[in-house]
Amino acid sequence: MRNMLVTGGAGFIGSNFILEALKDQGKYNIINLDILSYAGNLENLTSVEEHPDYHFEKGDVCDKETITALLQKYNIEKVVHFAAESHVDRSIETPEIFLKTNVLGTFTLLECARQYWSQLPEGYQNKTFLHVSTDEVYGSLGEIGLFTEETSYKPNSPYSASKAASDHLARSYVHTYGFPVLVTNCSNNYGPFQFPEKLIPLLINNILNNKPLPVYGEGKNIRDWLYVRDHCRAILCVLENGNIGEQYNIGGHNEWTNIDIVRLICKYMDEQLKLPESKSSSNLITYVKDRPGHDLRYAIDATKIKRELGWVPSETFETGIQKTINWYLENKEWLSHTTNGSYQNYYKEMYGNR
Ligand code: NAD
Ligand code: TYD
């Protein structure tokens with residue numbers, strides 16, 4: 001069994017990843033390190049909190065002592081690094097925390113793992129550090145073209161710039177120290193447990209609460225959407241079979257303009273909530289001021305991961321979006337805890353004040 005440190009495992013993708021990885025009985029012993037920021041919610045992991053191969057540790061990826069102690073305590077062999085500040089709009093308002101968590105946090109984790117692993121008798125043998133990143137590091141596409149692993153980095157927001165910096169640091173550790181890094185760059189994810197500040201859960205939540213559905217600018221920006229569990233399976237695939245030192249793009253060839261996504265969600269929500277046409281949720285669509293520096297289009301060329309590792313997504317957008325809407329409708333309590341902040345008490349109830 002491999003001891004695996006997952007950072008940011010109480011967030012959206014990290015929690016889905018832990019649930020996916022634990023399906024493989026006896027393969028991984030998972031240690032989830034999370035600071036429990038506004039985006040970290042242990043309710044996402046209630047189904048595994050008693051699982052013998054799952055352990056939660058509250059802590060900061062920027063804290064060297066905490067990380068070194070965890071690497072030693074659990075004899076960590078695999079690191080999957082999700083922890084980050086992840087929302088572009090917040091990065092425009094408060095960029096500093098993005099630099100701290102995403103750049104310094106990644107650096108601290110890389111450096112602690114390098115120091116710990118390099119002094120072991122077997123060195124880097126069987127060790128892997130997988131850094132989870134985004135396609136936003138590549139900047140914005142025009143109407144044609146796709147991001148490949150060779151596309152040069154041109155980040156446009158403080159969020160994407162901080163992720164780009166962390167990708168570069170990870171890459172530098174391979175070249176300088178022969179450190180065993182893999183980097184994945186994925187397109188926009190959607191699915192259960194996504195904090196309702198990101199487009200898709202925000203739309204669902206606002207429809208449920210009869211609130212406006214804000215569409216930035218003219219709604220013509222394009223994103224390439226992937227169901228979160230497909231992303232998680234791709235990460236496991238890269239972790240287990242990827243070539244050390246390499247980078248893998250992950251995406252589902254599923255481009256949508258924002259306004260088309262908004263209309264689609266309205267249509268499905270109207271069906272689920274049995275709303276008559278006169279009360280359609282599309283009446284809530286509201287065009288608002290555009291996001292500063294709003295990237296026009298993202299689209300991933302996922303040929304490499306398909307060709308080299310055989311990964312392809314399992315969900316179509318149709319099945320993924322239906323599953324997602326159903327999940328939010330069945331988990332209104334999760335939505336209300338998340339939006340009113342009361343989920344933050346969960347940790348105290350479970351673990352006291354430690
Ligand atoms: P999220 O915001 O839902 O979760 C982030 C998690 O990190 C939270 O649980 C939070 O508490 C934790 N965290 C924040 N600061 C921390 C710190 N200093 N120490 C320890 N934990 C800390 O984010 P997400 O959407 O799940 O994204 C996870 C990763 O995947 C990020 O690195 C992001 O850049 C990347 N990514 C996200 C998407 C997407 O569409 N959401 C797409 C591609 C890549
Ligand atoms: P978001 O979910 O914030 O992801 P990202 O900015 O990382 O792609 O936004 C997805 C797209 O939806 C993006 O083009 C911005 C747009 N958007 C809106 O139009 N309205 C909103 O309320 C939000 C949150 C996003």
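**View 1. Residues around ligand 1 in the predicted model.** The surroundings of ligand 1 comprise 29 residues, of which Ile 13, Asp 34, Ser 86, Tyr 159 and Lys 163 are the closest. By class, this shell holds 13 nonpolar, twelve polar and four charged residues. At least two shell residues come from each of α1 (12-21), β5 (128-134), α5 (158-177) and β7 (188-190). The largest contribution is that of β5, with three residues.

**View 2. The open sheet of seven strands.** The strands follow the order β3-β2-β1-β4-β5-β6-β10, with parallel pairing. At the edges stand β3 (54-58) and β10 (247-250), each of which pairs on one side only. On average, neighbouring strands of the sheet are turned by 20 degrees against each other, direction ignored.

**View 3. Strand β5 with its partner β6 and helix α4.** Strands β5 and β6 (residues 181-186) run parallel and are joined by six bridges. Val 132 is found opposite Thr 184 of β6. Helix α4 (residues 95-118) lies across β1 (2-7), β4 (78-81), β5 and β6, and runs at about 170 degrees to β5. Strand β5 also supplies three residues to the shell around ligand 1.

**View 4. Residues around ligand 2.** Ligand 2 has 17 residues around it, and those coming nearest are Glu 136, Pro 214, Arg 223, Arg 291 and His 294. The shell is made up of seven nonpolar, five polar and five charged residues. Both α6 (199-208) and β8 (213-216) provide at least two of its members; β8 gives the most, with three residues.

**View 5. Polar contacts of ligand 2 with Glu 136, Leu 199 and His 294.** An N or O atom in the side chain of Glu 136 is 2.5 Å from an oxygen atom of ligand 2. Leu 199 takes part through its backbone, with an N or O atom 2.9 Å from a ligand oxygen atom. In His 294, a polar side-chain atom lies 2.7 Å from an oxygen atom of ligand 2. Taken alone, ligand 2 exposes 510 Å², of which the protein buries 96%.

Methods:
Residues are numbered from 1 along each chain as its sequence is written. Chains are lettered from A and ligands numbered from 1 in the order in which they are written. This is a predicted model: local features need pLDDT of at least 70, side-chain atom pairs count only at pLDDT 80 or more; totals for chains, interfaces and linings use all residues. Side-chain values use heavy atoms; hydrogens and water are left out. A residue is near a molecule or strand if one of its heavy atoms lies within 4 Å of it. Helices (H or I, at least four residues) and strands (E, at least two) are DSSP runs, numbered from the N terminus. Ala, Val, Leu, Ile, Met, Phe, Trp, Tyr, Cys and Pro count as nonpolar, Asp, Glu, Lys and Arg as charged, and the others, Gly among them, as polar. Two strands pair if DSSP finds at least two bridges between them. Axes are lines fitted to C-alpha atoms, for helices over the stretch in contact, and angles run from 0 to 180 degrees between N-to-C directions. Contact means heavy atoms within 4.5 Å. A polar contact is a pair of N or O atoms within 3.5 Å; within protein, one must be able to donate a hydrogen and the other to accept it, and residues adjacent in sequence count only if both atoms are side-chain atoms. Accessible areas come from the Shrake-Rupley method with a 1.4 Å probe; for residues, only the protein chains shown count as cover.
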